[in-house]
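Look at the model below and follow the chain from one end to the other. The text after it goes from an open space to the parts around that space, and then to the whole chain.

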Amino acid sequence: MSFIAEFWRFMRVRKKYWLLPIMLMMLVFGGLLVLTQGSAVAPFIYTLF
């Protein structure tokens, strides 16, 4: 959790708020990759792409 707090402070001080949507999308796609690795949800996620 300290990484998230430090990243937030970095964005606030440097005024780089445009990094937030990029990081959120990376987290979403990372979560999808984890879900598709050998789960029953995989066939449904593959149909999205």
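This is a predicted model: local features need pLDDT of at least 70, side-chain atom pairs count only at pLDDT 80 or more; totals for chains, interfaces and linings use all residues.

Rolling a probe the size of a water molecule over the atoms shows where empty space is left.

Which helices supply at least two residues each to the lining of the largest pocket? They are helix 1, which covers 2-14, and helix 2, which covers 19-36. Helix 1 gives the most, with five residues.

The next step is how these two helices lie against each other. Two packed helices are described by the angle between their axes and the distance between the axes. For helix 1 and helix 2, the axes come within 11 Å and cross at roughly 150°. Angles over 145 degrees count as roughly antiparallel, and helix 1 and helix 2 are therefore roughly antiparallel to each other. On the side of helix 1, the contact is made by Phe7, Phe10 and Met11; on the side of helix 2, it is made by Leu19, Leu20 and Met23. The residues of this contact are six nonpolar, no polar and no charged.

Now take the chain as a whole. It has three helices and zero strands, and its pattern along the sequence reads α-α-α. Along the principal axes, the C-alpha atoms fill a box of roughly 45 × 20 × 10 Å. The chain has 49 residues, and 12% of them count as buried.

Conventions. Residues are numbered from 1 along each chain as its sequence is written. Side-chain values use heavy atoms; hydrogens and water are left out. Helices (H or I, at least four residues) and strands (E, at least two) are DSSP runs, numbered from the N terminus. Axes are lines fitted to C-alpha atoms, for helices over the stretch in contact, and angles run from 0 to 180 degrees between N-to-C directions. Angles under 35 degrees count as roughly parallel, over 145 as roughly antiparallel, 65 to 115 as roughly perpendicular and the rest as oblique. Contact means heavy atoms within 4.5 Å. Ala, Val, Leu, Ile, Met, Phe, Trp, Tyr, Cys and Pro count as nonpolar, Asp, Glu, Lys and Arg as charged, and the others, Gly among them, as polar. Buried means under 20% relative accessible area, exposed over 50%, partly exposed in between (1.4 Å probe, protein chains only).
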